[in-house]
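Thanks for coming, everyone. Please have the viewer open, and I'll walk through this chain piece by piece.

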Amino acid sequence: MLDLQRLRALHAVSVHGTVGAAALALGYTPSAVSQQIAKLERETRTVLLEREGRGVRLTDEAKHLVAAAQELLAIVERAETELEERRGRPAGRLTVAAFPSAARGLMPGVLAELGRRHPALDARLCEVDPHLSVDLVAKGAVDLAVAHDWDIAPLPAPPGLEQAVIGDDLCDLLVPEGHPFAGRAAVRREELGGERWICQPPGRVCHDWLLRTLRTAGHEPDIVHQADENPTLVALVAAGLGVALIPRLGRGPLPAGVVAVALDPMPVRRLYALWRTGAARRPAIAETVQVLGELWPEAAAHPPR
């Protein structure tokens, strides 16, 4: 008989792409995941993973096994949901994926509040880019995701997922002290031509949004510096190296030398909670969505300096 935990390990490697990433998502060590898959290979007398550069590739046999594993995990999820529903209170493990600024600015309070209200609930956080987290929910790798979209780039929600709006996160134009925009109450998007931009790398939602917005306003952005973390972007602005569009959530107090200016119209990104339709009745999902909504106003209440 196939062991469910070993199938779960193989499924995680399929979803996350590497043994290390699968181990991080499951809360195991990479060696523990490798051992689980090695045991599964012996049980099935089948090679499941092959070396490919620095990573691994699933064999055709492994892909068939992953499809079966996903069905089994869905059955287990339904059983757990029904059991939790009968108990009428959140319990068991709940894995939440959140993008970096939500993981920093919103989720610590949410996780702490869930722990206070429901000691039997084991809520766990993993930080994931929003364009990846939706797929992780759909594939059953995480239970719930906190993701976002922008006003000109709606978040696609595949069939089988439900979502609820958490709130709107405003975005400010950050400029160095002494910049011509620093004393302005607001700046129109049409005025942004010729600026040196600091933003996240290509492939990130914020990067794509910046390109679309400025091109729509008739400007081709000159992106001179790129970094993943918002604090790094803010530090580059403080050094006088360019301007940046930074959401307020998780941004923290601005350092000396940086001024926040309103953009007209104000850029907005909307935060969502997403979960699988099959888990919608689970009390842990409903309670987490409720707490996200309750704590959002406090997390969003950080006016620009």
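One definition first: a residue is buried under 20% relative accessible area, exposed over 50%, and partly exposed in between. Take arginine 104, which sits in helix α5. Its relative accessibility is 33%, so arginine 104 counts as partly exposed. Keep those cut-offs in mind. And remember that this is a predicted model.

What does arginine 104 touch, leaving out residues up to four places away in sequence? The answer is Glu229, Asn230, Pro231 and Gly250. For scale, look at arginine 104 and alanine 32. They are 72 residues apart in sequence, and C-alpha to C-alpha they are 29 Å apart in space.

Now the overall picture. The chain has 10 helices and 12 strands. Its C-alpha trace spans about 70 × 50 × 30 Å along the principal axes. Of the 305 residues, 45% are buried. The accessible surface is about 14700 Å², and carbon and sulfur atoms hold 53% of that.

Contacts next. Take those with a separation of 6 or more: 76% of them come from residues 24 or more positions apart.

Charges, quickly. There are 34 positive and 38 negative ones in the chain, and their mean positions lie 4 Å apart.

On to the interior. In soluble globular proteins, nonpolar side chains tend to be buried together. Here, the largest nonpolar core has 25 residues. Which members touch the most others? They are Leu106, Leu144, Val146, Leu249, Leu271 and Leu292. Six elements each supply at least two residues of this core: β3, α5, α6, β5, β12 and α10. The biggest giver is α10, with 6 residues.

Zoom in on leucine 292. Set aside residues up to four places away in sequence, and leucine 292 touches Leu106, Met107, Val110, Leu144, Val146, Ile166 and Ala273. There is also a second, separate core. That one has 20 residues, among them Val13, Ala22, Val33 and Ile37.

Start with α2, residues 19–26. Its buried residues are Val19, Ala22, Ala23 and Leu26. Why do they lie on the same side of α2? Because they cover an arc of only 100 degrees around the axis. The general rule behind such patterns: an α-helix has 3.6 residues a turn, so residues three or four places apart point the same way. The buried residues of α2 pack against α1, α3, β1 and β3. After α2 comes glycine 27, with a positive phi near 80 degrees.

Now α9, residues 230–238. Which of its residues are buried? Asn230, Leu233, Val234 and Val237. Their arc around the axis is only 100 degrees, so they share the same side of α9. Their cover includes α5, β6, β8, β10 and β11. Asn230 is also one of the residues that arginine 104 touches. Just after α9, glycine 240 has a positive phi of about 80 degrees.

Staying with glycines, go to glycine 167. This one lies in strand β6, residues 161–176. Compare the spacing to arginine 87. Glycine 167 and arginine 87 are 80 residues apart in sequence, and 30 Å apart in space, C-alpha to C-alpha.

Two backbone details to finish. Where is the cis peptide bond? It runs from aspartate 264 to proline 265, with omega near 0 degrees. Proline 265 is in the loop between β11 and β12.

The other detail is arginine 45, in the loop between α3 and β1. Its phi is near 55 degrees, which is positive in a residue other than glycine. With 76% relative accessibility, arginine 45 counts as exposed, since the exposed class is over 50%.

That's the tour. I'm happy to take comments.

How values were computed. Residues numbered from 1 in each chain as written. Heavy atoms only, no water. Helix = DSSP H or I, 4+ residues; strand = E, 2+ residues; numbered from the N terminus. Buried < 20%, exposed > 50% of the residue type's maximum accessible area, 1.4 Å probe, protein only. Contact = heavy atoms within 4.5 Å. Areas by Shrake-Rupley, 256 points an atom, 1.4 Å probe, with all protein chains shown as cover. Lys, Arg positive; Asp, Glu negative; His and termini not counted. Charge placed at Lys NZ, Arg CZ, Asp CG, Glu CD. Arc of directions from axis to C-beta. Core = buried A, V, L, I, M, F, W, Y, C linked by side-chain atoms within 4.5 Å.
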